[in-house]
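Let's take a friendly look at how charged side chains pair up in a protein. Have the structure open as you read, and follow each pair in turn.

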Amino acid sequence: MKRFYRQRKNAFKKSNSKSKKKSRVVTERQDDPGYSVEEKILRLFDMNMAYGPCLGITRLERWERAHKLGLNPPLQIQTLLKIDKVQLECLWYKRM
């Protein structure tokens with residue numbers, strides 16, 4: 001039985017070396033070109049669960065709720081949300 005389960009290293013040696021070379025190639029991740037810096041910051045705020053869930057409420061409502069609960073949300077988020085250029089709905093709006 002030992003011979004039956006024995007590995008054949010020589011048979012697989014040539015094919016594995018080619019696949020290893022392909023796996024070493026690292027592709028660079030490209031950021032989404034359609035999002036501004038402000039939107040990226042707000043998306044990070046949406047993904048941070050330390051300030052509570054964001055479904056069903058706007059980003060500003062979520063910031064105000066976190067502030068009332070003493071969770072110390074960043075003031076930068078509040079100033080970004082008061083600018084008309086950013087989207088008030090969270091990242092998950094109309095996706096869930």
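Here is a short tour of the salt bridges in this predicted model. Side chains of opposite charge can pair when their charged atoms come close. In this model, the count comes to three salt bridges.

**Within helix α2**
- Start with Arg43 and Glu39, whose side chains form a salt bridge with an N to O distance of 3.7 Å.
- Both residues belong to helix α2, which covers residues 37-47.
- Arg43 and Glu39 are four residues apart there, or about one turn of the helix.

**Between helix α2 and helix α3**
- Glu39 also meets Arg59 in a salt bridge, this time at 3.1 Å from N to O.
- Glu39 sits in helix α2 and Arg59 in helix α3 (residues 59-68), so this pair ties together parts that are 20 residues apart in sequence.
- Arg59 forms a salt bridge with Asp46 as well, and their closest N and O atoms are 2.8 Å apart.
- Asp46 lies in helix α2 and Arg59 in helix α3, so this pair links parts that are 13 residues apart in sequence.

**Buried or exposed?**
- Glu39 has a relative accessible area of 9%, and because buried means under 20%, Glu39 counts as buried.
- Arg59 is buried too, at 1% relative accessibility.
- Asp46 is likewise buried, with a relative accessible area of 0%.

Methods:
Residues numbered from 1 in each chain as written. Predicted model: local features only at pLDDT ≥ 70, side-chain atom pairs only at ≥ 80, totals over all residues. Heavy atoms only, no water. Salt bridge = Lys/Arg side-chain N within 4 Å of Asp/Glu carboxyl O. Helix = DSSP H or I, 4+ residues; strand = E, 2+ residues; numbered from the N terminus. Buried < 20%, exposed > 50% of the residue type's maximum accessible area, 1.4 Å probe, protein only.
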